[in-house]
Amino acid sequence: MNDALGAPQSVLVLGGSSELARAILRRLVARRARTVILAGRDPERLKETAAELLTLGAETVETLSFEATETAGHQSLIDDVFGRHGDIDLVLFAFGTLGVPERDATDATGAAEVAAVNFAGSVSAGIAVAGHLRRQGHGTLMALSSVAGVRVRPSNFVYGSSKAGMDAFFQGLRHHLEGSGARVVVVRPGFVATRMTAGLKPAPFATTAEDVAECVVRGLETGEDLVWAPPVLRWVMAAVKLLPTAVFRRLPG
Amino acid sequence: MGTEVLTGWGRTAPTTAEVVRPADAGSAAAMLASPGSRGVIARGLGRSYGDAAQNAGGTVVATAALDRMSWSDEAAGLLAVGGGTSLDAILRALVPRGWFVPVSPGTRWVSVGGAIAADVHGKNHHAEGSFASHVTSLTLATPAGTREVTPSDDPDLFWATAGGMGLTGIILGATLRMLPIETSRVRVVTERAADLDDVMARMSSGDAGHRYSVAWIDCLAQGRALGRSVLTRGDHARVDELPAAARQHPLRFDPSSHLSVPAFVPGLVNRTTVRLFNEGWFRKAKSHATTIEPISSFFHPLDAVRGWNRLYGPGGFVQYQFVVPLAAVDIVQTTLQRLSALRLPSFLAVLKRFGPADPGPLSFPMPGWTLALDLPARLGGLAAFLDTLDELVAGAGGRVYLAKDGRLRPDLLAHMYPRLGEWKAVRDRVDPQGVLQSDLARRLGLTLQRRAA
Ligand SMILES: Cc1cc2nc3c(=O)[nH]c(=O)nc-3n(C[C@H](O)[C@H](O)[C@H](O)COP(=O)(O)OP(=O)(O)OC[C@H]3O[C@@H](n4cnc5c(N)ncnc54)[C@H](O)[C@@H]3O)c2cc1C
Ligand SMILES: NC(=O)c1ccc[n+]([C@@H]2O[C@H](COP(=O)([O-])OP(=O)(O)OC[C@H]3O[C@@H](n4cnc5c(N)ncnc54)[C@H](OP(=O)(O)O)[C@@H]3O)[C@@H](O)[C@H]2O)c1
């Protein structure tokens with residue numbers, strides 16, 4: 001169960017090898033999380049995270065294979081996890097791909113892959129998870145969206161639009177789940193130094209995985225539906241949305 | 001019957017359940033015969049603060065219709081009531097006829113079932129113990145059928161049910177030993193205490209002279225004033241103690257709610273409002289005074305404001321209540337120090353000196369100091385603060401109160417309640433299939449978990 005201060009006891013992560021997910025999990029295990037299921041593609045990285053969580057105090061950590069674009073298998077994979085582990089208090093959607101922004105701007109295959117992972121994968125797995133949360137009458141679905149979807153920039157509009165789509169999907173899912181006992185939390189990080197952004201020039205308000213995790217866990221405790229990391233981005237992005245197009249296009253980065 | 005979102009009085013951790021409202025005891029008991037895969041729990045008036053009366057995805061049996069009330073032996077003060085009967089209803093019916101409940105919590109809005117399931121305590125714990133000590137028998141619906149349980153013929157099940165948080169069955173009815181009273185007033189002695197040592201010394205030496213005793217501490221007082229408090233002690237007034245005008249109707253009882261909090265308030269509890277309130281409240285109290293007060297203002301001051309829990313805003317609040325052995329006064333002191341150092345806005349904390357425990361393995365009271373604090377849940381940082389307190393409390397041989405809890409770390413439970421295993425064995429005996437389930441039970445691992453087929 002999630003406790004009165006938002007701490008889950010069991011967690012399923014889709015995209016279990018994500019660095020952001022790992023930072024978040026460390027903190028959740030330090031609180032109440034004892035069962036963690038890591039679903040992802042890279043068995044080595046999953047194992048590494050699993051080993052770390054066990055040393056930190058998790059009691060049951062399982063890894064299993066999950067491919068975001070194989071939507072046909074999502075329902076049965078999710079059914080299997082809930083069937084074997086019982087209640088899952090928090091499901092973290094951490095998978096995502098930046099693609100290769102310069103290439104994807106002109107390459108149909110690359111662009112479709114980004115959309116398939118970030119958007120279609122979220123929609124498919126999101127619906128499967130929502131059904132279980134509704135049935136168990138409680139639980140939090142947390143999705144790692146991005147500020148890139150708030151106002152889509154020319155420099156990464158394929159990624160940005162796929163994040164905008166998944167962000168809108170999860171906001172809609174929240175309304176759909178109203179009254180079911182399930183809660184949907186959308187997290188919008190800014191630029192975070194992780195594997196995904198390795199080699200890229202940090203954008204303004206760049207932050208670290210640890211700081212994002214801190215914001216996320218605090219957001220669970222205080223009951224936020226929408227978590228910005230760092231928090232100041234809430235206001236920055238409100239302003240960015242108001243910029244005239246001509247100014248917006250010329251923003252650096 | 002319908003799906004409803006439920007929380008406790010603290011309004012944290014909402015979950016949904018099918019809420020059924022059986023019209024009589026027979027249909028309430030029948031709910032245990034054909035449970036869904038996520039089980040069943042009883043819910044009285046929802047005054048527990050955390051997740052005890054919730055059952056996510058399962059069935060919640062609301063007991064409001066089980067509200068019968070009749071004398072089983074009026075001369076002996078033995079009253080037979082339904083498990084859903086509220087203390088409010090009992091007091092309205094019987095105070096005018098010269099009877100009071102043996103133990104009253106800080107609100108009249110609790111059901112008899114809830115009072116037994118949490119084995120609630122009142123301001124008279126030092127003198128008379130907790131609620132279940134005044135219950136001579138109960139009618140308990142278990143998955144194996146309905147039975148009468150008395151402390152003499154099935155002490156294990158009786159005491160596993162007292163404090164058992166609804167997890168041994170649905171209390172359909174009970175017989176209570178009522179307390180005869182001459183008037184509906186209390187003679188109250190109020191004293192201001194300068195600090196924690198002062199109030200504890202007064203309680204240790206003087207509580208025995210009064211039936212009721214409790215102290216309210218100003219949590220924002222720091223340094224030398226740490227623990228400054230107002231101690232109120234009282235006894236049921238005799239007719240000759242009433243002012244002449246009141247002697248005409250010595251048993252008059254008309255509690256009313258004067259104020260009510262609108263459904264949506266932005267959260268009025270913050271450091272500033274709390275400081276102003278506490279300061280005014282402390283100054284108002286006389287340094288020493290004896291007054292005659294109505295039962296309702298002495299026992300249930302918060303009931304005058306309906307829905308006061310909404311003052312904490314949509315994030316809700318947590319009540320933290322612990323008890324530590326008498327020797328562990330330092331834990332009370334440390335708690336107050338940390339609270340004031342962090343400037344966490346708690347209104348008054350309530351301090352009480354408990355008397356001997358009753359035999360319930362999960363019953364909360366034990367000889368010692370109990371402190372209760374209300375804290376807004378949305379502060380941020382509260383989780384870590386309370387986790388540290390838990391360890392101090394458990395380390396000192398103390399425990400937290402499950403009727404208030406929504407966040408205890410599960411592995412500490414067995415330290416706090418060393419007889420947990422004994423309780424579980426009795427529980428599993430009456431409910432081997434794990435039909436009785438609640439969010440509290442899932443969170444703390446109190447019951448066997450049923451797997452969906
Ligand atoms: C303002 C306020 C002041 C309070 N002061 C005190 C105090 O001074 N001392 C104290 O001890 N407590 C106090 N409490 C807590 C309260 O007394 C307990 O939580 C009590 O259990 C609430 O009763 P309820 O009918 O609302 O039960 P609920 O909150 O509905 O349920 C509480 C538990 O009892 C079980 N239960 C309820 N009915 C039945 C039944 N018929 N059969 C089996 N199980 C049942 C539920 O399953 C649940 O586990 C206070 C609460 C408030 C809001
Ligand atoms: N880093 C940032 O600046 C930033 C900012 C805002 C939002 N985000 C979002 O935060 C989330 C986590 O990112 P991160 O920063 O932690 O980077 P990361 O470590 O690279 O994590 C991305 C995760 O997505 C997984 N993944 C990618 N494609 C997948 C697919 N087809 N199927 C299954 N899993 C797939 C990766 O698995 P593999 O290990 O197998 O590749 C990896 O676990 C992403 O959704 C990202 O969009 C990141």
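Let's start with one residue: Ser130(B) counts as buried because its relative accessibility is 1%, where buried means under 20% relative accessible area, exposed over 50% and partly exposed in between (1.4 Å probe, protein chains only). This is a predicted model, in which local features need pLDDT of at least 70, side-chain atom pairs count only at pLDDT 80 or more, and totals for chains, interfaces and linings use all residues. Residues are numbered from 1 along each chain as its sequence is written, chains are lettered from A and ligands numbered from 1 in the order in which they are written, and side-chain values use heavy atoms, with hydrogens and water left out.

**Confidence**

- The predictor gives the complex a pTM of 0.95 and an ipTM of 0.94.
- Chain B has a mean pLDDT of 92, and 95% of its residues reach 70 or more; pLDDT is the predictor's confidence in each residue, from 0 to 100.

**Around Ser130(B)**

- Ser130(B) sits in the loop between α4 (125-128) and β8 (135-142) of chain B. Helices (H or I, at least four residues) and strands (E, at least two) are DSSP runs, numbered from the N terminus.
- The side chain of Ser130(B) makes a polar contact of 2.8 Å with that of Asp358(B), and another of 3.1 Å with the side chain of Asp119(B).
- A polar contact here is a pair of N or O atoms within 3.5 Å; within protein, one must be able to donate a hydrogen and the other to accept it, and residues adjacent in sequence count only if both atoms are side-chain atoms.

**Ligand 1 and chain B**

- Ligand 1 is surrounded by 34 residues, and the closest are Ala42(B), Arg47(B), Ser48(B), Ser111(B) and Tyr401(B). A residue is near a molecule or strand if one of its heavy atoms lies within 4 Å of it.
- By class, this shell around ligand 1 holds 18 nonpolar, 13 polar and 3 charged residues. Ala, Val, Leu, Ile, Met, Phe, Trp, Tyr, Cys and Pro count as nonpolar, Asp, Glu, Lys and Arg as charged, and the others, Gly among them, as polar.
- In chain B, β3 (40-43), α3 (112-117) and β10 (170-177) each supply at least two residues of the shell around ligand 1.
- An oxygen atom of ligand 1 is 2.9 Å from a polar backbone atom of Gly46(B).
- The protein buries 96% of the 960 Å² that ligand 1 exposes when taken alone. Accessible areas come from the Shrake-Rupley method with a 1.4 Å probe; for residues, only the protein chains shown count as cover.

**Ligand 2 and chain A**

- There are 28 residues around ligand 2, and Ser17(A), Glu67(A), Tyr159(A), Val192(A) and Thr194(A) come nearest.
- The shell around ligand 2 divides into 12 nonpolar, 9 polar and 7 charged residues.
- Helices α1 (19-31) and α6 (157-176) of chain A each supply at least two residues of the shell around ligand 2.
- Backbone N or O atoms of Glu19(A) and of Leu20(A) each lie 2.9 Å from an oxygen atom of ligand 2.
- A polar backbone atom of Ala68(A) is 2.9 Å from a nitrogen atom of ligand 2.
- Taken alone, ligand 2 exposes 870 Å², and the protein buries 94% of that.

- Thr142(B) belongs to strand β8 of chain B and is buried, with a relative accessible area of 3%.
- Thr142(B) and Asp431(B) are 289 residues apart in sequence, while their C-alpha atoms are 7.0 Å apart in space.
- Glu62(A) is in strand β3 (residues 60-65) of chain A and counts as buried because its relative accessibility is 19%.
- The side chains of Glu62(A) and Arg84(A) are joined by a polar contact of 2.6 Å.

**Backbone features**

- Ala229(A) and Pro230(A) are joined by a cis peptide bond, with omega about -5°. Pro230(A) lies in the loop between β7 (226-229) and α8 (233-242) of chain A.
- Phe205(A) is not a glycine, yet it has a positive phi of about 65°. Phe205(A) is partly exposed at 40% relative accessibility.
- Arg11(B), also not a glycine, has a positive phi of about 60°. Arg11(B) is in the loop between β1 (2-6) and β2 (15-20) of chain B.
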